Amino acid sequence: MADVEKTIEDLLTEGRTFTPGKKLRKNANIKNESVYKKAARDREKFWANFAKELDWFKKWRKVLKWKVPHSKWFIDGKLNVSYNCLDRHINTARKNKAAIIWEAESGESVTLTYWELYREVNKFANVLKALGVNRGDRITIYLPMIPELAIAMLACARIGAPHSIVFGGFSAESLRGRINDSKARVLITSDGGYRRGGIVPLKKNSDDALTDTPSIEKVVVVKRVGDKAEIKMKKGRDLWWHELMEKAHSYCEPEKMDSEDMLFMLYTSGTTGKPKGIVHTTGGYLVGVYATTKWVFDLKEEDTYWCTADIGWVTGHSYVIYGPLANGATSLMYEGTPDYPDIGRFWAIVEKYRVNIFYTAPTAIRTFMRWGEEYPKKYDLSSLRILGSVGEPINPEAWMWYHTHIGGGRCPVVDTWWQTETGSILITPLPGITKLKPGSATKPFPGIVADIVDESGKSIKEGAGYLVLRNPWPSMLRTIYGDPNRYVDEYWSRFPGVYFTGDGAKRDKGGYFWLLGRVDDVMNVAGHRISTMEVESALVDHHSVAEAAVIGRQDEIKGQAIVAFTTLKKSARHDDGMIEELRNHVAKKIGAIAKPDEIIFTAELPKTRSGKIMRRLLRNIAEGSVLGDTTTLADSTVVQSLKDQYEHLEG
């Protein structure tokens, strides 16, 4: 942790604090810090009180069953997530309230009321049943950010078919791997999607993926692009969404799901390189996202709430769809990017819909900073009340810029820490009561017991160490799909009896948490977790590559940039063309998000005498820091040669 501590020395001397304004405190959902003590006194009662605000077909008989490392929440309770997001609102004044506002990249928009969304979800649930989908069958969804994505996932929840959503930026090979791991019976995709005016060939990618996916029986295709997509439909397998929906009945009885039944799996990068299917269940997950959406974002009935995340990531699952809709909120979905057709697009949307709550990633905020404050100045952002940050640690400068130029100095910034595995936000300010420090996620959410420990697992009251969680929480992952042993190894073996997050953190004198990023071999690139081993495997898969070592280098915009040190076979050419070929090869194997920012050709890689590649030294080279101890290297001249080569390339 020494290297990490050094890089954040300035961050932890941050002395600025911001207290909630009088008006916000007065109207906040949570006005008193006593909620922390109440939750600590009886954590089970705390979570059960949130569960009581949801609709259950049958109440639980016991709140928690806990035997490390396995938890069960709301034992024997029966509920349905789709019912809680839709049915329970349509017999209230929310029936004609906007549930989802969708803004397309082109500027077209669609608003679905709770009643309209309810009907569409019911119809597609009946479509799935007509295709032979049964409770427990897995469904893969590979769609752009269009309303059908929300409809599909809620329909899956309605009939008890766990969904596996694959981000539209992933390649055919990544899609194939996720389909085969989950043994999905149906794939839901579209003819294409739009990105910066171009077409993303989702159907073509799907066809390429389906060359070796024996479990897939049917493919449902949404017509998004039309003739420009130039797709082929396979007779007997491929079916048009709109044709199926025309014949579907508008009511589908919701399945009475056990609290511990699987709601979805979502694949995330792991240290072994093979993506892991994180399993989330019905009752605990819904309680976690319902509670945190309500309290962290200080949600009000009249709010328009916008989380900018793609639903292909867990943030989109929890804070675009399930959390907001369970609360009866109006959630905005945007199809495009922040810079198309111009770099004022996000602020134009905030102005157009009078957005009150805005939740985005530090990568985006740092990009906005680079573009300049003159762009948000062109728009009326006075509707904003709460700003959020998610996906990676936010540096104080970006926090201050966000607070000043987007929030006008009046909006609290709720910097949130959580993971795909945690399901919901675990460390965060509560905007009505928490004194904010730029760059700090502040305190664990009430009911969450987080700690920072040293190498031996001993608690550190002040200073840097490893972030762990000492008690179970409702929305925690239950296992890794099909690999329960990996679940134990990945999260419970480093510090027996406690959950190891894989992140470093520091606690200051006031007890505030400062997140430091990953301490394992998983990179955080623009808020997306990418395994170094995944990228290395993709590189070595190329016929010209003999060996590769990949590291994440600090990057002021993306958080981390991917740098690949690559040894080529003797017959291979060492030129810019090969660099671009390898970058594209990685994109094909994993997706464009995993393209290395830099590829450095090297005759040798720094290895220990036992043959282990010293990635720490490669990271030090890429970041221009002191190399440190090199005594364990088999050949210490390799690293100095590589350092000289890298510095020469960087000019």
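In β20, Val414 is the bridge partner of Gly388. That pairing is a handy way into this predicted model, since strand β19 (residues 386-389) and β20 run parallel and are joined by three bridges. Both strands belong to an open sheet of seven strands with mixed pairing, and the order reads β5-β4-β17-β16-β18-β19-β20. At the edges stand β5 (109-113) and β20 (413-415); each has a single partner strand, so one side of each is left without a neighbour in the sheet. On average, and with direction ignored, neighbouring strands here are turned by 20° against each other.

At the β5 end of the order there is also a helix to look at. Helix α6 (residues 114-130) lies across β4 (98-103) and β5, and runs at about 90° to β5.

Helices also meet one another. The axes of helix α5 (residues 81-90) and helix α7 (residues 147-159) come within 7 Å, crossing at roughly 115°. On the α5 side, the residues involved are Val81, Ser82, Tyr83, Cys85, Leu86 and Asp87, and on the α7 side they are Leu154, Ala157 and Arg158.

Next come the aromatic rings. A pair of aromatic rings is described by the distance of the centres and the angle of the planes. The structure holds 48 aromatic pairs. One of them is formed by Phe264 and Tyr285, which sit edge-to-face, 5.0 Å centre to centre and with 85° between the planes. This pair ties together distant parts of the chain, with Phe264 in strand β14 (residues 262-268) and Tyr285 in helix α11 (residues 282-296), 21 residues apart. Phe264 and Tyr285 are both buried. The rings of Tyr491 and Tyr499 give another arrangement: their centres are 5.3 Å apart and their planes at 5°, so this pair is stacked. Tyr491 and Tyr499 are buried too. Elsewhere, ring pairs join up into a cluster made of Trp306, Tyr334, Phe346, Trp347, Phe358, Phe368, Trp371 and Tyr402.

Some rings have a lysine over the face. Lys59 lies over Trp60, at 5.4 Å from the ring centre. Lys256 does likewise with Phe57, at 4.9 Å from the ring centre.

Which strand holds Arg553? Its place is in strand β28 (residues 545-555). Arg553 counts as buried because its relative accessibility is 16%, and the cut-off for buried is under 20%. Leaving aside neighbours within four places in sequence, Arg553 is in contact with Gly559, Gln560, Ala561, Val563, Glu598, Ala622, Glu623 and Tyr646. Among these partners are two glutamates, Glu598 and Glu623.

The other residue, Thr363, lies in helix α14 (residues 362-371). Thr363 has a relative accessible area of 10%, so it is buried as well. Not counting residues up to four places away in sequence, Thr363 touches Glu392, Ala526, Gly527, Ile557 and Lys558.

Notes: Residues are numbered from 1 along each chain as its sequence is written. This is a predicted model: local features need pLDDT of at least 70, side-chain atom pairs count only at pLDDT 80 or more; totals for chains, interfaces and linings use all residues. Side-chain values use heavy atoms; hydrogens and water are left out. Axes are lines fitted to C-alpha atoms, for helices over the stretch in contact, and angles run from 0 to 180 degrees between N-to-C directions. Helices (H or I, at least four residues) and strands (E, at least two) are DSSP runs, numbered from the N terminus. Contact means heavy atoms within 4.5 Å. Buried means under 20% relative accessible area, exposed over 50%, partly exposed in between (1.4 Å probe, protein chains only). Two strands pair if DSSP finds at least two bridges between them. Rings of Phe, Tyr and Trp (its six-membered ring) pair if their centres lie within 6.5 Å; planes under 30 degrees apart count as stacked, over 60 as edge-to-face and the rest as tilted. A charge sits over a ring if NZ of Lys or CZ of Arg is within 6 Å of the ring centre and within 35 degrees of the ring normal.
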